[in-house]
Amino acid sequence: MTDDLSIRVERSFTAISPESWSRLSGASKACSTLAYNPFVSHAFLSSLEESGSATAETGWLGHHLLLETDRGELIGALPGYLKSHSQGEYVFDHGWADAFERAGGRYYPKLQCSIPFTPATGPRLLVAEGLQRLPIQSAIAESLKEVVRRLGISSAHVTFVPDDEIGVFEMDGYLHRTDQQFHFINEGYADHEAFLETLASRKRKALRRERRAALENGISIDWLTGRDLTERIWDQFFKFYMDTGGRKWGRPYLTRTFYSLIGERMADDILLVMAKREGRYIAGAINFIGGDTLYGRHWGCIEDHPFLHFEVCYHQAIDFALAKGLKRVEAGAQGEHKLARGYLPVTTHSAHYVAHAGLRRAIGDYLARERADVEQMGELLAEHSPFRKGERQQED
């Protein structure tokens, strides 16, 4: 850290100025260095806190690292949380925690540098527009290690790190972990039919049948965004979220207030794909619209219909991305079933600093094997893509 720069830890995101945050690349539409990522926007992060979704009471105590000049100007940042558990992260380290605590260590609390409940790759080492990125990113990565030492905690975990940032962490001694997601890549297709024409004949016919079957029983689809996102619509979508979330996770993470806040603050960045039958909505999926990417998040329903989940979450997302000229659809964590629908395996990255030398060594050995397994699985999955041979290769 140079004499004129200092790192500050801010516990409340609402204490951070929206104006200063908006100057960080990727965090606002006004910055041009990186494509806009809605999850690192002030609107999204402050809504998580103000709604009671990500707070100390839910095990997400804000510990946001702010790199400032001696004049108090924000030039870099890393969103972070002091965690008392490993829930809502999508990069699983329960085994590490169990092993360390069986050996007499204390794994929690830990620092989790991520977007709560959001398995989407995006900028983590945020740098103000117009500044040299690498020196500031390196300063933040080094400062994170110092914060871990100062707090006397076990570790820091930076998850869903973009390709152009993971090397910064590796150079600073962080452990590198990989995993896999499935993304749709827009190769300039004119529409969904043009995309389907690149698939093997059998796969193409199967997807056409699937889409027809999903809309049987009088089901229609609406795209809702901007002013369409009324409180009445959020009430209906929240019912879907609570029903599916309660069955899948046990306790849904997001509060009803969260949806009102994002509807007020970032409605133009949100797409609800809603399925209607007999005059009422019966299912829906929420997506966030970035500068060049559509991010599919979660879905819910109050009626079960064959293939409706695939239609609402995957096919409609592709339709929207093609209509708006977006380059990519990220459809969330896991799910090999996405492969058959044109979503290809993509490697995701995370960086981990572990203070205890013995635990760090053991995790490092494990991650070396895990990275080899992830690479091998990606190659295997790519061989079974629905595209005609030679049309597409695995995304790295």
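Cys 113 touches Leu 78, Pro 79, Gly 80, Arg 124, Leu 144, His 157, Val 158 and Thr 159, with residues up to four places away in sequence left out of the count; contact here means heavy atoms within 4.5 Å. The model is predicted, so that local features need pLDDT of at least 70 and side-chain atom pairs count only at pLDDT 80 or more, whereas totals for chains, interfaces and linings use all residues. Residues are numbered from 1 along each chain as its sequence is written, and side-chain values use heavy atoms, without hydrogens and water.

Cys 113 belongs to strand S6, residues 110–113. Helices (H or I, at least four residues) and strands (E, at least two) are DSSP runs, numbered from the N terminus. With a relative accessibility of 0%, Cys 113 counts as buried, a class defined as under 20% relative accessible area with a 1.4 Å probe, protein chains only; exposed is over 50%, and partly exposed lies in between. The C-alpha atoms of Cys 113 and His 64 are 8.2 Å apart in space, while the two residues are 49 apart in sequence.

The protein as a whole contains 11 helices and 15 strands. Its radius of gyration is 21 Å, close to the 21 Å given by the globule rule for 396 residues, so the protein is as compact as a globular protein of that length. This radius is taken over C-alpha atoms, and the rule is 2.2 Å times the number of residues to the power 0.38. The C-alpha trace spans about 65 × 45 × 45 Å along its principal axes. Of the 396 residues, 58% are buried. Among contacts between residues at least 6 apart in sequence, 75% join residues at least 24 apart.
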